[in-house]
Each structure stands twice: as structure tokens, then as C-alpha cells.
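These are my notebook entries on a structure that I opened for the first time. I record what I looked up, one topic at a time.

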Amino acid sequence: GRHVCFLLLSVLMGPLAAGEDPIQQIHLTFTGDETVMAVEFVSNATEAGVMYGCGLGPRENYVATTSFRLEKVGVLHRAEMKGLEPRSECFYRANISTYTTSWINFTAGIPLRGDKQHIAAVYGDFGIDNGKSMDQLTEQGRARVFDFTLHIGDIAYNLWDRGDAFMNAISGWARHSPYMVAVGNHEHKDNFTQYVRRFAAHNYTSRRSLSTNPSFYSWNAGLIHYIAINTESYKFPDETANSPFPFTHEEQLEWLEADLREAQANREKQPWIVMYGHKGWYMNVWDKNEKHITTNFTGFDALADQYGVDLYLTGHVHLYQRFLPLRGSADIRRFAPPSHVDRDCASRDKHVYYNPKHMTTIVAGSPGDKELSFVGECAAMGLLNDVAFKSSQVECRDSYGFGLLQAHNSTHLSWIWEETARPSLPPVTMLVDDGSQGHQEEKVGAASVGNSKYKDHLWLVKDRP
């Protein structure tokens, strides 16, 4: 079957109950050091450890975990497996006093595919309910079609009530390959506590990238320098200020500029810079009722343009959208048109961008969650945002799917978006004769439309790093 031994997909509404697997929700995290991989899991035990080793040698390395008890979840454990040989096949198993998992395999560091680079699976806004892409992601993840995952915010829908079931589901592949995350608006509850505690191993990554916060950090993978940003501090200033790791907008932007400056100087080793965060350029909005900016991408956009970020991956909107390279508006009004669009770089079919002048933005927010996608959403978005989109949007799909990203060399980077399910028709209201005076309204359930699976692809090509 598709699911690993000890994988439980039932909904866990509280700490682990008797009869359930004593160790659950196992997943890996990149740390920013190719010789170190982090692992996290949940149990009821306050003390736990991890045994590990690589290749055919003895698996005698042992590290005790750092733990935190999270109400209604259990004890969250994390540990760093150090001294790994990059790109070697390694094994680990988690243990508590009464239970030990079977050996679990993974590749240390960043895998290579012959002479080619790694492949990353990319999506945002993914939940356990209506998780249309879960089967395909599990199958591809277990088959190593991709090497790690970027989940760009809005995790589980939502972490506080569906997080246990979701983390057990993605553990089918995330126990074998890293699961890297960014924070979304659905993580704001209880001052972002669920995000911070469930993904505490991202602290290892943030510290190595000189960040003070696990919600914005960077790391290198082969030819790509990845940067995660937090776009939610504008919408949730109080929750941000009271979170376990508080920060200000200015502190994040100061860190981001320093990181980009270093990445720009390091283009020989990592010629591509890929940034990811939950919201993107056209999602700025000033909420007059709340008296504050609910999203402000302008600062991120200006720095990305200044330092030549190649690609921005985002979600929040439950669609697939691909834009021409552009610089967003300096205006914080929602759907303000971009300040400049590089149309000249695109090939005739718009599947290749040659030496683009600005960052390319891709919205991959539709792997599936409880907020259903419907036929016609792209058309509706186009009507609402005609000025912003008509000169910049290349593709829009209101169906379910996820992306695969790969840097082939210093001059060619590819993106593929795979559709996993077609959307539904909006629920239709019908008038039904119930035999009495007048009629009753009846909601007819949405129906799936079409069976063919669509794919989009893009090449970013540049003459030199």
C-alpha cells in the first residue's frame, strides 16, 4: 500500500490515546547544513531519542530529543542527526522507553539525480478535508519523484483541529524527505503557536541563516538559494507581537535584505534565488475598518527586484496562476496593477522567459482543502481584476494540483504544474415542488467537471547567473 508502517490517518482530537501508535507525525526538516538533518515526531512520552546511521555501517548514533508538550496534541519532539555524509542513504528510528519505530530511510543533504538537480514539490493551502492531491503526492513522494516539499502556508485547514490527521497523512512521504513550510493566515490562532511548535525544527534552519524567527529563514539546495518569508505580520500584528518568536516588519525586511545581499554575492554557487511566502504582489489590501494594512507585499517586492530574485512561489488564492515577470505596484490597494511587466522576455507560446528583468510569480494554492474550488473562479478573478491581470497573467486554472520545481543548471530552471482533479460546478439552487403552496429551495451538490488532466510548464532561461 501507499502508507508506511505505523501511519495512522484517523483524526486525533487530543493527546495520543491508548491503542494508537505511540510515535506519530514523523517528518524531516532541512537545517541549512548538508551534514545535519532534523526529525520531528509526537508521542506521550516526555523523553525520547533517535538512533541513526548511514550506508552499510553501524547505526549506532544516538541523540536525545528536545521536547515541548502542546495541549490536546501530546509531546512534540525534535532532534538533529549530525555528521551525515551528504547524498548518502541513511536510516533512523525514533524511540521512547516502551516503543521503537522501524528503520526509516532518507537521503542526507540535497539529493542529486545523476547530473541533474533536485526536484521540489510545491503548494500552499492544503488540508485533510477535500485533500484532492493527497493520493498523488503520497504516491510520488514515496516513489521519490520529488526530493522534498515546500508547503507555503495554510497547513491542514487547520492545524489546531485537523493538524494531527494532516501531519500523519503527509508523514507517508515526509518521514523520508524534508517538509519545509511557510506561515499562512490560517496559522494565526493562539499567536501562531501551532506553527511554531509543530515545526520547531525550522529554528535550526533559521539560526543557520542568521534569522531570529522560524517563520522567515533561508537555505541552500544545490543550485538554488531558497528564502521563506512571513507575509502575515501585517494582518495579525497582535498575534505576531505575542507569539513565542515576536518580530517587527522592519526586522524581517532588514534580515531579508542582508540575506539577499549575501545570496547575490554567492551566485556562482547558487545561481538561482527562489523566494516563497503565503501571499503575493496583487494581494495587498488596506482594511479601513480594522485601521491597518492586512497585507503589504511592497517591501518584499522592492527587495526582490533590487537583488534579482528569479522566482516567487505563493498561495492564499485557491487557484493556479502564472504571471509574466513583473514588479508589483507600490500602491497597497488590492489588485493595483503592476508597476512594470516584462512582456518582451516571453517566447511566443509564453512557456519560456529569456533573461527576465523581474521576478516571476506563480500562485500554487489549490492542492485541495475544505474551501472547495469551482469552475469559473478564474473568469471571476479576471473580471474583478482586469486592470491588474490583463497584461500580466499567462495562465489561470481553477482546478486542483501542485507544482514541481527543478534547476537543471546555472542557466535553466523548469516548473511543471500537474492537475490532480478537476473543479466542481457551483452548487445550483433549484425550486422543488413539495406538494404544498409555493416551493422549497434545494441545493444540488457540486459535480466534478471533466476527466482530462492539464499540465502547465515554464522554463526560466538566462545567459549567465
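**Entry 1. Overall make-up.** I began with the secondary structure of the protein chain, which comes to 9 helices and 31 strands. I note that the model is a predicted one. I then looked up burial, and buried residues make up 58% of the 465 residues in the chain. For the contacts between residues at least 6 apart in sequence, I found that 74% join residues at least 24 apart. The accessible surface of the protein chain is about 19,100 Å², and carbon and sulfur atoms hold 50% of that surface.

Entry 2. In soluble globular proteins, nonpolar side chains tend to be buried together.

Entry 3. Rolling a probe the size of a water molecule over the atoms shows where empty space is left. I asked how many cavities of 30 Å³ or more the count gives. The count comes to 3.

The largest cavity holds about 80 Å³ of space. I listed its lining as Phe-192, Tyr-195, Val-196, Asn-213, Pro-214, Ser-215, Asn-230, Thr-240, Ser-243, Phe-245 and Phe-247. Helix 3 (residues 189-198) gives the most to this lining, with 3 residues.

Strand 2 gives the most, with 3 residues. I recorded 4 nonpolar, 3 polar and 2 charged residues in the lining of the second largest cavity.

**Entry 4. The open pocket.** I next looked up the largest pocket and found a volume of about 450 Å³. Of the 20 residues that line this pocket, Gly-32, Arg-208, Trp-219, Asn-220 and His-225 lie nearest its centre. Strand 15 (217-221) and helix 6 (249-265) each supply at least two residues of the lining. Which element gives the most to the lining of the largest pocket? I found that helix 6 does, with 5 residues. The lining has 7 nonpolar, 8 polar and 5 charged residues.

**Entry 5. Helix 7 and Ala-265.** In helix 7 (residues 298-307), I noted Thr-298, Phe-300, Asp-301, Leu-303, Ala-304 and Tyr-307 as buried. The cover over the buried residues of helix 7 includes helix 6, strand 17 (272-276) and strand 22 (326-327). After helix 7 comes Gly-308, with a positive phi near 70 degrees.

I then checked Ala-265, which is placed in helix 6. Is Ala-265 buried or exposed? Ala-265 counts as exposed because its relative accessibility is 71%, and the cut-off for exposed is over 50%. The C-alpha atoms of Ala-265 and Tyr-307 are 9.8 Å apart, although 42 residues separate the two along the chain.

**Entry 6. Ala-336.** I located Ala-336 in the loop between strand 22 and strand 23 (340-341). Its relative accessible area is 4%, so Ala-336 is buried, the limit being under 20%. Leaving aside neighbours within four places in sequence, I found Ala-336 in contact with Trp-281, Ser-329, Asp-331 and Ala-388. From Ala-336 to Tyr-282, 54 residues apart along the chain, the C-alpha atoms are separated by 6.6 Å.

**Entry 7. Backbone angles.** Most residues other than glycine have a negative phi, and most peptide bonds are trans. I looked for departures from this.

- The peptide bond from Tyr-157 to Asn-158 is cis, with omega near 10 degrees. Asn-158 is placed in the loop between strand 13 (155-156) and helix 2.
- Asn-130 has a positive phi, near 60 degrees. I placed Asn-130 in the loop between strand 11 (126-127) and helix 1 (134-142). At 22% relative accessibility, Asn-130 is partly exposed.
- Asn-191 also has a positive phi, of about 60 degrees. Asn-191 is found in helix 3. With a relative accessibility of 25%, Asn-191 counts as partly exposed.

How values were computed: Residues numbered from 1 in each chain as written. Heavy atoms only, no water. Helix = DSSP H or I, 4+ residues; strand = E, 2+ residues; numbered from the N terminus. Buried < 20%, exposed > 50% of the residue type's maximum accessible area, 1.4 Å probe, protein only. Contact = heavy atoms within 4.5 Å. Areas by Shrake-Rupley, 256 points an atom, 1.4 Å probe, with all protein chains shown as cover. 1 Å grid on protein atoms, 1.4 Å probe; cavity = no way out; pocket = protein on both sides within 12 Å on 5 of 7 lines; lining within 4 Å. Points joined across faces, edges and corners; volume = space filled by probe spheres on them. Nonpolar A, V, L, I, M, F, W, Y, C, P; charged D, E, K, R; others polar.
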